[in-house]
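Student: Hi! I'm new to this one, could you walk me through it?

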Protein chains: 2
Amino acid sequence: MNTVIEQILKHKSIRHYQNKPIAEDILNDILTAASRAATTGNMQLYSIIVNQDEKMKQKIAPLHFNQPAIIEAPLILTFCADFNRFIKWCNARDARHGYDNMQSFMWAVVDTCLAAQNACLAAEAHGLGTCYLGTTTYNAKELAEAYHLPKYVVPICCLTIGYPDENPEYTDRLPLEGIIHHEIYKDYSSEDIDNIYHERENSELTKRLLEENQLENLAKIFTERRYTKKDNEYFAERLLTFLKEQDFFK
Amino acid sequence: MNTVIEQILKHKSIRHYQNKPIAEDILNDILTAASRAATTGNMQLYSIIVNQDEKMKQKIAPLHFNQPAIIEAPLILTFCADFNRFIKWCNARDARHGYDNMQSFMWAVVDTCLAAQNACLAAEAHGLGTCYLGTTTYNAKELAEAYHLPKYVVPICCLTIGYPDENPEYTDRLPLEGIIHHEIYKDYSSEDIDNIYHERENSELTKRLLEENQLENLAKIFTERRYTKKDNEYFAERLLTFLKEQDFFK
C-alpha cells in the first residue's frame, strides 16, 4: 500500500510522551508542512504559536484542564485563525478591507485546520506522537490573553507533540457507510442509528466505561459526563462573546 | 526526505482534470483516510457527500459559481459539519443532548476539516489532483437544499478531485517567520508587514495581476476584486442566518 495512506490509517492519539526534546530541523519540517496546506485565495489566514518553554506550558496547561498530553508534551502548537496580519497589510496598502465578519472567520478556520492536519501528519512521519486538544475554544479568551493575541485572531485547535511513551490500541470508527452519503444526504432512521452505533455500543471498551460511570448506555456518557449540556452552553456563550470581541461577528 | 513530508510539500491546487473516472477502490481509500483523522471525543462530527453523478454536479456547480474545477472534476466531496447523526443517537438512547450551540459547531468544523485534509492527501497519494472550493459556505443554505441536509448539518468545505490535466507552478507562501510565533504572539509592525509581503508583492505574477486589473497594489486586488467588503458582508449575513436555521446558534 501507498506509504502516505498507510501512515494516515495508522494515526492514533498519543497522550504520554518521553522526556526528549524535538530537534530544530524536525520542528522546521512540521511548520513548513503546515504552511504548504491549501489556503483560501492563498491568504494564509492562520498563525501558529510554538510553545516549548516550560513556564509558558505551565501557564496554558490549566486552560486545557491540565490534561496529561499538555503536561508531558515537549512541543505544543496552537493554531489560530488569523486575519490580523492580512488586515494590517490591507490597511498599510490603503486597501479597504471587509473581513470582520463570520464568512471571513470561516475561511480562516478552514485554513487553520488544514494547516494543523498537515503538521500532525508531518510530525507522525518523523515518528512523533500527537494529540489534538478539543479544549482550545473552551478558554479561547484566556488563551488569547496568555498569548497576547490581538483582534482578529482566535485559537482554534492545539496539537501536543512528542516522542511516544505509550502504544495504545487504535480507536474504533463508525462504519464508513455511516458517515458517507452518495449524491444527497440520506437522513438516518432509528434502525440506521442502531446499525451504525452497534459495534461501538457493544465493544469491551464501552462495557468498561458503563461500569466505571454507572450509566446505562454510551450516549449518556457523552451527555452526562464528557460533554454536558450545562458545560457546552456555558462555553458556547463565552465563545460567542469572545468572537464578538475579536471583531469577527458581523 | 520522508515520503509523507515530500508529498505534503508538493501540494498544488489542480483545477483542470482529465475526463477519466476514479476507480471504486481509490475512492474507498480516500474516504477511509478521511475517517481516520483525529476527531473530538471520537464523535466523528462530519458527513461526506460524494458527487459523481452528472446531474447532481450540474445542480451544485452554479452554487460554486461554475468554477472550472467543479465543472471538470469527476469526483466532488463536500465535507459537512454534522451533529444530526450524533444527536439522533443521543435522542434514541434517551440521553439529553446540549449540542445546539456554537461550541459544538466549532468541534464539528474542526473534525470536518481534519477529515478533509486527510482525504486531500490520500487522493494526491494516488496521483490525483485536488482543489478546495472556498465558496462552500457562500451558498451554504442552497447547498443544504440541494443535498437535503437536515438541521445540525452545515457544508464547510468542498474538494474537487480528478486526474490532473495541467501542471501549474507551485504557489508561493509567506516566509515561515511571517506565520510562526515563538511562545507568544508578536504583533506585526508596518516594517514586519513590508518584509513578510515583500517577495509576493514583487513577483512576476503580481506584476501581471496589477496590469490586468489596473490596480496599484496587490492588497487592492483582494479588497476590490476577489473578496470585496460588499460581497463578504452579504455572504456573512446569509451564513449567520443559515447557522441559526440549522440550530447551531445558542
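Tutor: In chain B, strand β2 (residues 75-82) pairs with strand β4, and eight antiparallel bridges join them. Strands pair if DSSP finds at least two bridges between them. Helices (H or I, at least four residues) and strands (E, at least two) are DSSP runs, numbered from the N terminus.

Student: Before we go on, what kind of model is this?
Tutor: This is a predicted model, where local features need pLDDT of at least 70 and side-chain atom pairs count only at pLDDT 80 or more, while totals for chains, interfaces and linings use all residues. Residues are numbered from 1 along each chain as its sequence is written, and chains are lettered from A and ligands numbered from 1 in the order in which they are written.

Student: Back to β2(B), then. Which residue stands opposite B:Cys80?
Tutor: That is B:Pro155, in β4(B). Strand β3 (residues 129-133) of chain B also pairs with β4(B), antiparallel, over five bridges. There, B:Leu133 faces B:Cys158 of β4(B).

Student: Is β4(B) mostly covered or uncovered?
Tutor: Mostly covered: ten of the ten residues in β4(B), which spans 153-162, are buried. A residue is buried if 20 or more other C-beta atoms lie within 10 Å of its own, exposed if 12 or fewer, and partly exposed in between, with C-beta atoms placed from the backbone.

Student: How many residues does each chain bring to the contact?
Tutor: Chain A brings 98 residues and chain B brings 98 residues; residues are in contact if their C-beta atoms, placed from the backbone, lie within 7 Å. On the chain B side, helix α6 (residues 102-125) gives the most, with 14 residues. That side divides into 51 nonpolar, 32 polar and 15 charged residues. Here Ala, Val, Leu, Ile, Met, Phe, Trp, Tyr, Cys and Pro count as nonpolar, Asp, Glu, Lys and Arg as charged, and the others, Gly among them, as polar.

Student: New topic: which residues are buried in helix α10 of chain B?
Tutor: B:Leu218, B:Ala219, B:Phe222 and B:Thr223 are buried in that helix, residues 218-226. Seen down the axis of α10(B), they fall within an arc of 150°, so they line one face of the helix. The arc is that of the directions from the helix axis to the C-beta atoms.

Student: What do they pack against?
Tutor: They pack against α5 (84-92) of chain A, and against α8 (190-201), α9 (204-213) and α11 (229-245) of chain B.

Student: And A:Lys229, why does that count as partly exposed?
Tutor: Because A:Lys229 has 15 C-beta neighbours inside 10 Å. A:Lys229 lies in helix α11 (residues 229-245) of chain A. Leaving aside neighbours within four places in sequence, A:Lys229 is in contact with A:Thr223, B:Arg96, B:His97 and B:Gly98.

Student: Last one: how many helices and strands does chain A have?
Tutor: Eleven helices and five strands. Buried residues make up 51% of the 250 residues in chain A.

Methods. Contact = placed C-beta atoms within 7 Å.
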